Amino acid sequence: MMESAPPPPTPLSRLLALARSRRAWVVLMVAAGIAYGWLLATWGTSVASSSDASGYFNQAQLFDSGRVIDDVRVIPGLNPPKWNYYYQQPLGFRALPQDGRMAPTYPIGMPVMLLGAARLVGWDHAAVLVNVLCAVGCGGLFIAFGRAHCGLRPGWLALGVGLIAFSPLFVFFSLQPMSDMPATFWVLLALYAAAQRSSGLGWGLLAGAAAGVAVLVRPTNALLAVPLLILLGGRWQSWLACLAGGLPFATALAFYNHHVYGAVLT
C-alpha cells in the first residue's frame, strides 16, 4: 500500500521552521546588533557636555601631548601666597601644593581608550566609537555566555539581550562619554574568558588581560579577582595564565601611580 504524500508546507509552517533554524537566529542577532550600533552611533555624542566627560577628554588630550601632569591655568593676580591653586583646578585634576601644576585624578583606562579611538576617527567621534563597540560587545558576550554556560535557548537569549539593550540606564550611558559601558564590557569579557578555561590557556591569558583593562577603567574592578578564581577552578595553570595576562596592565598602573602620585597604590 502506497503512503500518502505529506501535505505541502503552508506559510505558517515555513515561518515556524525558520524560527527554529539556528542560522536564522544567528542572522537575526547579527542584524539586531548592527541596527543597535547604528542607533547608538546616530544619537550618541562625543562632546564633553558634563564635568566627568570633560575630565576624561582633558586627561586623554594630556596623554596625547605626551604628558601626565599639566600646569594649572593661573588667573593673573590670584596665585600663592595670596591664592590657593586648589580653587583653579578643574574636575578630574588635583593641584599639587605650591607647585603650579596639577595631576589627573581619573583612572587612566577611559582616557586611553578615547585617545586610541581619536587616532582612528578623530575626537568628534571617539566616545561614540568606544560606546558602540562596548555596548554591542556586551550583547554578544551575554549571548555567548548564556548559550555556552547557561544552556539558554535562542528565544531566551533574545529576550535577555533585549532587556539589557533597552534598559534606560544602559542606553543612557551608551550615548555619552562615560566609563560605565567600557567597564561593563571588560568585566563581562574577563568572566566569559575565565569560564572557557577548559578550552586552553589562551583563555586564561585573555581573562587576565581583560581584568587588567577593567581595573584601568575602574580600580574597584579589582573585586573581579574573586569570581575569576571561582571560574578558573582548581587548575593552577589557568591561574598562572590569568596572572600573566594581567601583569602588564598591573605593572603599567603601578608605574603610572608612582610617577604621578608618588605611591604605587594611590
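These are my notebook entries on a predicted model of one protein chain.

**Entry 1. Overall layout**

I started with the secondary structure. The protein chain has eleven helices and three strands. Reading from the N terminus, I get the order α-α-α-β-β-β-α-α-α-α-α-α-α-α.

Next I looked at the dimensions. The radius of gyration of the protein chain is 24 Å, whereas a compact globule of 266 residues would come out near 18 Å. Along the principal axes, the C-alpha atoms fill a box of roughly 110 × 45 × 25 Å.

I then checked burial and contact range. Of the 266 residues, 36% count as buried. Taking contacts between residues at least 6 apart in sequence, I find that 67% join residues at least 24 apart.

**Entry 2. Nonpolar cores**

Which residues touch the most other members of the largest nonpolar core? I found Leu114, Met181, Leu224 and Leu228, in a core of 43 residues. At least two residues of this core come from each of helix H2 (22-43), helix H3 (51-64), helix H4 (109-121), helix H5 (126-149), H7, H8, helix H9 (201-217) and helix H10 (225-232).

I followed up Leu228. Setting aside neighbours within four places in sequence, I list Ala190, Leu191, Ala194, Ala211 and Cys242 as its contacts. There is also a second, separate core of nine residues, and Ala103, Ile108, Leu216 and Val260 are among them. As background, nonpolar side chains in soluble globular proteins tend to be buried together.

**Entry 3. Helix H3**

I compared the length of H3 with expectation. Its 14 residues should span 20 Å at 1.5 Å a residue, and the end C-alpha atoms are 20 Å apart, so the two agree.

Which residues of H3 are buried? I noted Ala53, Gly55, Tyr56, Phe57, Gln59, Ala60, Leu62 and Phe63. These buried residues pack against strand E1 (70-71), strand E2 (93-95), strand E3 (101-104), H4, H5 and helix H11 (236-261). Just after H3, I found Gly66 with a positive phi of about 85°.

**Entry 4. The loop between H2 and H3**

I looked up two residues here. Gly44 is in the loop between H2 and H3, and Val47 lies in that loop too.

Gly44 and Ala127 are 83 residues apart in sequence, and their C-alpha atoms are 8.2 Å apart in space. Beyond neighbours within four places in sequence, Gly44 is in contact with Val128 and Leu175.

For Val47 the pair is with His125: 78 residues apart in sequence, 8.6 Å apart from C-alpha to C-alpha. Not counting residues up to four places away, Val47 touches Ala53, Phe57 and Pro177. Ala53 and Phe57 are among the buried residues of H3.

Is Gln176 buried or exposed? Gln176 counts as buried, because its relative accessibility is 15% and the cut-off for buried is under 20%. I place Gln176 in the loop between helix H7 (168-174) and helix H8 (180-195). Its side chain reaches the backbone oxygen of Phe172 at 3.2 Å.

Gln88 lies in the loop between E1 and E2. Gln88 is buried as well, with a relative accessible area of 9%. What does the side chain of Gln88 reach? I found the backbone oxygen of Arg73, at 3.5 Å. With neighbours within four places in sequence left aside, Gln88 is in contact with Val72, Arg73, Val74, Ile75, Leu78 and Trp83.

**Entry 5. Cysteines**

How many disulfides does a search of the whole structure find? I got zero.

Last, I checked burial of the pair. Cys134 is buried at a relative accessible area of 4%, and Cys138 counts as buried at 3%.

Methods. Residues numbered from 1 in each chain as written. Predicted model: local features only at pLDDT ≥ 70, side-chain atom pairs only at ≥ 80, totals over all residues. Heavy atoms only, no water. Disulfide = S-S within 2.5 Å. Buried < 20%, exposed > 50% of the residue type's maximum accessible area, 1.4 Å probe, protein only. Helix = DSSP H or I, 4+ residues; strand = E, 2+ residues; numbered from the N terminus. Polar contact = N/O pair within 3.5 Å; in protein donor to acceptor, adjacent residues only side chain to side chain. Core = buried A, V, L, I, M, F, W, Y, C linked by side-chain atoms within 4.5 Å. Contact = heavy atoms within 4.5 Å. Expected span 1.5 Å × (residues − 1). Rg over C-alpha atoms; globule rule 2.2 N^0.38 Å.
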